[in-house]
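Trainee: I would like to go through the pocket and the cores, with the reasons for each term.
Mentor: Here is the model.

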Amino acid sequence: MYRITLFHGSTKIIEKPVFGDGNPKNDYGLGFYCTENQELAMEWASTERNNGFANHYELNFDGLSVLYLNKNPYHILNWLAILLKNRTFVLTQGLPTDARDYLLINFLPEYENYDIITGYRADDSYFSFANAFLNNTISLEQLRQAMYLGKLGEQIVLKSKKAFNSLNYIESIPVDTSKYYPKRQARDRKAREDFQNVKLLPAMTDAVFMIDILRQKWTNDDTRL
């Protein structure tokens, strides 16, 4: 039996997550968003004014289908396409909207029928990186590098009723926001500062930008990805 430990940061104690509840506009759509990292969950539970909880669970992986977005055969454009499908992007007409439409048609994987999805967490700083790529201001390689900045973490998302039923509650660990909210801010700030440094680096002569992907009509199985 394969089990992993998960944490969900929240302002509430959640002993039994309810399938179908939540915000459908999250990164990978409706689901229960967790991390294996307790410290990250404690940061995510912290708000500027309120304490929270790192809800601790054990997940039995047996019989669950898992989409690993950070492993082959998937790549950064698959992640971005799922993000475009679910999150609200404010895009200007022209290249950014053309880029969105092209990515959704050519790079959106079939993800909805999986029990579990794992991949990058697109909080505010990651969201700005994705916007920059769509606006052709950073290259594909710079976007890849940005995903590692600030160590903002990988998330594990329970998508199906079967996955919810495989989750066992352990405890809820109190989070002191006076300690963890500054940590959350510092992590995000570090990611943004590092990203600005990446943007200042001269682009490689063979750097690929969003406009190149459109003009050259890249597909999901392109060997350059």
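Mentor: Strand S2 (32-34) gives the largest share of the lining of the largest pocket, 3 residues, strands being DSSP runs of E, at least two residues, and helices runs of H or I, at least four, numbered from the N terminus. This is a predicted model, where local features need pLDDT of at least 70 and side-chain atom pairs pLDDT 80 or more, while totals for chains, interfaces and linings use all residues. Residues are numbered from 1 along each chain, and side-chain values use heavy atoms, without hydrogens and water.

Trainee: What makes a set of points a pocket?
Mentor: On a 1 Å grid over the protein atoms alone, a pocket is an open set with protein on both sides within 12 Å along at least five of seven lines, whereas in a cavity a 1.4 Å probe fits but cannot get out. The largest pocket holds about 570 Å³. Its lining has 24 residues, of which His-8, Asn-26, Gly-31, Phe-32 and Tyr-33 are closest to the centre; a lining residue has an atom within 4 Å of a point.

Trainee: Why is the set around Trp-79 called a nonpolar core?
Mentor: Because a nonpolar core consists of buried Ala, Val, Leu, Ile, Met, Phe, Trp, Tyr and Cys residues joined through side-chain atoms within 4.5 Å, buried being under 20% relative accessible area with a 1.4 Å probe, protein chains only. The largest has 40 residues, and Trp-79, Leu-80, Phe-133 and Ile-213 have the most contacts inside it. Helix H2 (76-86) is among the elements supplying at least two residues, and H2 gives the largest share, 8 residues.

Definitions and conventions: Buried < 20%, exposed > 50% of the residue type's maximum accessible area, 1.4 Å probe, protein only. Points joined across faces, edges and corners; volume = space filled by probe spheres on them.
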